[in-house]
Amino acid sequence: MAPLAAVLVATGVPASAAPSIGMAPPSGETEDVEPARLPSAAATPAQVEDERLTTPSPSPDSGGARQATSPDPLKLVAVTWTGATPQLIELRSRLATGLFGPWTRVDPVDTERDGRRAASTGTEPVWVADSKEVQVRASTDGQPVTQRVALTSIDPGTGSNDARIAAAAVTPGGATGSPSSPAVVTRAQWGADERLMTWTPEYTPTVRAVTIHHTAGTNAYSAAESAAIVRGIYTYHARTQGWGDIGYNVLVDRYGTVFEGRAGGLARSVIAAHAGGFNRETFGIGMMGDFTSVAPPAATVEATAQLAAYKLGGLYRDPNATVTLTSGGGGTSRYPKGRAVTLPTVFAHRDVGATECPGNTGIRSMPTIRSRTAALVGNLATYPIRQKWLAQRSVLAEPSVVESPTSRSARMTRFSGSNGAVYWSSATGAWSVQGVINSRYDALGAAGSVLGLPRTDEKATPDRRGRYNQFQSGVVYWTSATGAWPVRGPILTRWAQLGSERSSLGYPKGDQFAVTGGVRQNFERGYLRLNTSSGAVTTNA
C-alpha cells in the first residue's frame, strides 16, 4: 500500500496522486503479518435467528426469566433490545449435565463504530457451545424488564480449518529491525464470509497506541471452537450491530492463537470499531474470554504483547511512553468530542470507554502486557529506519505501515507524508524515496525491481530543474515537464559520459523499450539506442 499523497513543500517535489489505500504492495514487499500455515477455509454461511422466548418451568432461581428452546445447538447468543438499556442483564444455559449453569452477567456491547450507531443494541455475544436451552432475565431499578429483550442466536457454521487451527503455531518475533508478528490466522483461513463485509476499509495516517480488550464472552471453549467464535462475533458485529465488519483489529484466543479481525491489513493504520471515540490512531486487540474474575491465560498475554510489540515497534512508538489522543465522542466514550486525553501507549479500553473492559483481572494484567511489549520492542534508538525518519520527520510525517521485510534482505516503512518510504539493508544503509519518484519506483516493483535498493536520499540536480534518487542498479530522474523515469545499464553509462541531464539530450522522457536489435530510451532532445548484440550505445540528438 502506498500512503496518502501530500505535497513535498520542503523539497518542492509534488507527490503523486494517492493510489488506492487497499492496493497490493509492489512485488517483493509483504507489508503485512506472517500468515499461519493453513489453506483458505471453506465455511458454511452463518445463520442468524431471533429465538422465541417463553416462560420457563418455575424454579427457585428463575425469577423474571424467559427461555429459548431450540432443537439445534444455539452456539453463540446475545441479548438485544430497543429503547433504554436494562441495568442488569443475565444469561445462563443448560449444561451437558442436564442442569443450568450459574447466572452470568452479560454487559452491553462496549465497542462502537464512530458515527454509525445502530438503532438497536445488544450485549456482548456469549458462546454457549451446543446448549439447546438458554434463559435470560433483565431488570432496571430492581424491577423485571425481561419482556423488553430478545435473544439473537448465531450459528457460525463449520469451517474446514476449525480443527487445524487448534494446532496453529504462534511464532515469536525478533531479529533485525522491528519485532515481527506471531503467525496470524487470516480472514480467509478462519472462514470470514466477505459478503457480510460492507464497511470499506478506512485508514488514519498512523497508529499511536494499542487498546486492550476482552470479548466478555466465555472462557470455556476449545481450541477447535475458536474460529467459530470469531466467525460468530464477526457476524454479530457486521450484521446484527450494523457495522459491516468485526470491531477488533485482531483477536487472541486463550491458547495464544491470533486471528485477523478488521479487514484492510494488520500492518496498516486501519480504523476499526473497538473503542468508540478512540477508534482512530489506535489498534484494538481483543482477548477472547471474560476476564472479570479469571486472569487471562499466559499464552493470551504473550501473544497480545507480541502483537502490541509488532505494531508499536514497527511504527517506532515507545510502549512505556504516553500519547495524547483526541476523542471523537460517541455513546460509549468517556470523553466528549474534541477532548484531548493523555493515555499510556498501551492502554485498557476502560481508560477511554464507559465499560469494565477488559475486566478486573484483565486490568491487573496490563503492567505485564506493557512490560513484555517493551522488552520485545527493545531499544528504539537502534532502529536504522527510525533514525532516518526522525531526521526527515518534517517531510515524511508519521509512519503509516509497519516496518516489514522486503526483497534483497532489506526492510522498509511507508509514511503518511510526501508519498514517502524508507528502505534499509546492512549493505546499503537507510535511505528515503519520496513523491513521484517513489510512485515510479513502486510501479517498477520497488525493492524487487531491477533498480534494487536506494543508495541515496532524493537530491536536487545541479541545474535545479529536477530531482533524482540513486539506486543499486540505476537512477530515477524527475522534472515537472518530463515526469519520473529510470535510467540504467549501458544507456545510463553512456548518458553519464555525455553529461547526464546537462548533456544535449536533457532528461529522460520515458523508460527503456525494446526495438529491433536492441533497446531504446527517449530523452528531451533525442534518444540513446543500445545494440544488445554488440553492447554499443549510439546517440541520436
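Guide: Let us begin with the largest nonpolar core of this predicted model.

Visitor: Which residues of the largest nonpolar core touch the most other members?

Guide: They are Trp190, Leu251 and Phe259, in a core of 30 residues. Strand S4 (75–81) and helix H3 (226–240) each supply at least two residues, and H3 gives the most, with 8 residues.

Visitor: What does Leu251 touch, not counting residues up to four places away in sequence?

Guide: Its contacts include Val230, Ile233, Ile246, Phe259 and Met288. A second, separate core has 27 residues, among them Phe283, Met287, Tyr310 and Ala348.

Visitor: How many aromatic pairs does the structure hold?

Guide: There are 12 aromatic pairs. Tyr316 lies in the loop between helix H4 (298–314) and strand S17 (322–326), while Tyr383 lies in the loop between helix H6 (366–377) and helix H7 (384–391), 67 residues apart.

Visitor: Are Tyr477 and Tyr507 buried or exposed?

Guide: The cut-off for buried is under 20% relative accessible area. Tyr477 is buried because its value is 8%, and Tyr507 is buried because its value is 0%. These two rings also form an edge-to-face pair, 6.2 Å centre to centre with 65° between the planes. Ring pairs join both to Tyr468, Trp495 and Phe523 in a cluster.

Visitor: Where does the charged end of Arg137 sit?

Guide: It sits over the ring of Trp103, 4.0 Å from the ring centre. The charged end of Arg187 sits over the ring of Tyr234, 5.2 Å from its centre.

Definitions and conventions: Residues numbered from 1 in each chain as written. Predicted model: local features only at pLDDT ≥ 70, side-chain atom pairs only at ≥ 80, totals over all residues. Heavy atoms only, no water. Core = buried A, V, L, I, M, F, W, Y, C linked by side-chain atoms within 4.5 Å. Buried < 20%, exposed > 50% of the residue type's maximum accessible area, 1.4 Å probe, protein only. Helix = DSSP H or I, 4+ residues; strand = E, 2+ residues; numbered from the N terminus. Contact = heavy atoms within 4.5 Å. Phe/Tyr/Trp six-rings, centres within 6.5 Å; stacked < 30°, edge-to-face > 60°. Lys NZ or Arg CZ within 6 Å of the ring centre and 35° of its normal.
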